[in-house]
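Reader: I'd like to learn how to read the features of a model like this one. Could you walk me through it, with the general idea each time and then the case at hand?

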Amino acid sequence: VSAALDAALRAGLLHDLLVHGGVAALALALACVLALPAAVVRGHRRHGHPDRPRPGVVPVLALAAVLLLLPVPWGGSVPAVVVAVGVLCVPPLHSCAVSGLSVVEPAAVEALRAAGASERQVVRDVELVLAGPAVAAGVRRAALQALGGTALAGLLGGPGLGAGIARGLAAGDPDAALPAAAALAFAGLLTALLLGLVQRAADPRRRGERARPRRTPVPLP
Amino acid sequence: VARRDVGCTRSDIRGRAGAIDAHLRSLAESCPGRNDWFCGPALEAARPDLVAALVEHVLLAALALAGAAVVALPVTLLARRLGPLRALGRGVAGVVTALPLLALVAGTLALLVRTRPDLPSWTAVVLPVGLVCTVLLVQSLAAGLAAVPAAVVEAARAAGYDPTALLVRVELRTALPRVLGGVRTATAAAVSLSTAGAAVGRGGLGDVLVQGVRDGARTEVLAAAVLVVALALLPDLLLLALQRRLGSRSLVAA
């Protein structure tokens, strides 16, 4: 295994990993731009339904294949993969954000409205704050899909770790694909862990609990 | 003498090259801007391949989904009884969802080559896809069962339902809309993730996509892409209709 790892490092495993992360991050950014504004509007109008989450699995390989064959200004390997993976990530992000915003405590919203806040302030100060964990969960799911989707696009010769894995598997030598596969798995686990921490940090109730003293300092009458 | 041994003279080669030229010319004449997104003759020529790939794709996805469906309910019921060990199960599910599918496929194949080299290559696709589908189904089943109001369960128990009837006729019935949501996600996942089988040459329509991109064959790629999307959307729409019907008659408001 260590020989395979050496060979993989010499073949540019680290470079592939960085490119993979970069492409996935670009795709995620694209998905955020596409999904979140509409989600905020729909969530504010409470269109979400907890029983009907939208499944977020678009066949990324199909989209990437068509985009890769577009003429050059649009096609080209990196833009095609970024667009295909970005579109793949829109549904989970959108549905998580909409359902999170839709179940924000109505009393909190009404209280702020009664205090004379504008709708913009309601969205910014209450809805987005209380729905923070749900939006962060959507970002986490979308980020993982972006990593996996970028890897699948590698089957078509796209950038990142997928192409190396595909070459190893196609050559009938799965051991040659293992270092890249392990790097991909590592990237997935690290992303899940980091964004899970972000998700916890985004919970305003948790923050509030930490700020509040454990016991009431003065006994209540 | 060497030429005779190979069984191929210069005139043979010239003849074959001429035949290929003629074929290419006829293709070029039938599709003026060769390499079009839609070219009737090319599509006609690719039809047997596309049909075979479609059948393979449906089989792969159905096998993964069926395996997941068989495993999911016992696993969920077991997880309900485990108590504190549930956190462990949730951790395993989190790890599986965090692993990109291609890494899973590569890992499975490396494992199978070592332990069971007699198994066909498609098992390296169906096992990881089935694992992902199982996790999706178990998550939705667990969420659905957890959302059944305790009062409903208590009332059914008081009315004399035995545990099996309680599970089937009350808990699963109440959780059905949510579970169907999970089935929708799992179906779409099975169809679109099966394309990853192209990595081992067993990806159904994924194979056509990969081969088509390599050859720059736009007609084939577009046809395969449309088929994959239709294959993912069709069961999704059917299940959505079912879910809407059941949801409107749900025992408990959401």
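Reader: Is B:E171 buried or exposed?

Author: Start with the rule: buried means under 20% relative accessible area, exposed over 50%, and partly exposed in between, with a 1.4 Å probe and protein chains only. B:E171 has 8% relative accessibility, so the residue counts as buried. Keep in mind that this is a predicted model, where local features need pLDDT of at least 70, side-chain atom pairs count only at pLDDT 80 or more, and totals for chains, interfaces and linings use all residues. Residues are numbered from 1 along each chain as its sequence is written, chains are lettered from A and ligands numbered from 1 in the order in which they are written, and side-chain values use heavy atoms, with hydrogens and water left out.

Reader: Which residue forms a salt bridge with B:E171?

Author: A salt bridge here is a side-chain nitrogen of Lys or Arg within 4 Å of a carboxyl oxygen of Asp or Glu. The partner of B:E171 is B:R80, with the closest N and O atoms 3.1 Å apart. B:R80 is partly exposed, at a relative accessible area of 38%.

Reader: And what does B:R184 pair with?

Author: B:R184 forms a salt bridge with B:D236, and their closest N and O atoms are 3.0 Å apart. This pair also links distant parts of the chain: B:R184 is in helix α8 of chain B and B:D236 in helix α10 (residues 218-248) of chain B, 52 residues apart. Both B:R184 and B:D236 are buried. Over in chain A, salt bridges that share partners join A:E110, A:R113 and A:E119 into one network.

Reader: How many salt bridges does the structure hold over all chains?

Author: The total is eight. One pair crosses between chains, from A:D175 in helix α9 of chain A to B:R114 in helix α5 (residues 101-115) of chain B. The N to O distance in that salt bridge is 2.7 Å. A:D175 is partly exposed at 33% relative accessibility, whereas B:R114 is exposed, with a relative accessible area of 54%.

Reader: How do I read the interface as a whole?

Author: The size of an interface is often given as the accessible area lost when the parts come together. Buried area is that loss (1.4 Å probe), summed over both parts. For chain A and chain B it is about 3400 Å², and carbon and sulfur atoms give 76% of this area. Contact means heavy atoms within 4.5 Å, and by that rule 38 residues from chain A and 46 residues from chain B take part. The count of salt bridges between the two chains is one.

Reader: Which helices of chain A supply residues to the side that touches chain B?

Author: Helices (H or I, at least four residues) and strands (E, at least two) are DSSP runs, numbered from the N terminus. In chain A, α3 (60-68), α7 (132-153), α8 (162-170) and α9 (174-201) each supply at least two residues of that side. The most comes from α9(A), with nine residues. By type, the side of chain A that touches chain B divides into 30 nonpolar, four polar and four charged residues. For those classes, Ala, Val, Leu, Ile, Met, Phe, Trp, Tyr, Cys and Pro count as nonpolar, Asp, Glu, Lys and Arg as charged, and the others, Gly among them, as polar.

Reader: Where is B:T195, and what is it in contact with?

Author: B:T195 sits in the loop between α8 and α9 of chain B, and at 1% relative accessibility this residue counts as buried. Leaving aside neighbours within four places in sequence, B:T195 is in contact with A:L61, A:L155, B:H57, B:G203, B:G206 and B:V228. In helix α9 (residues 205-215) of chain B, the buried residues include B:G206 and B:L209.

Reader: How many helices does each chain have?

Author: Chain B has ten helices and zero strands, and chain A has ten helices and zero strands too. Buried residues make up 41% of the 254 residues of chain B and 45% of the 221 residues in chain A.

Methods
Buried area = accessible area lost by both parts, 1.4 Å probe.
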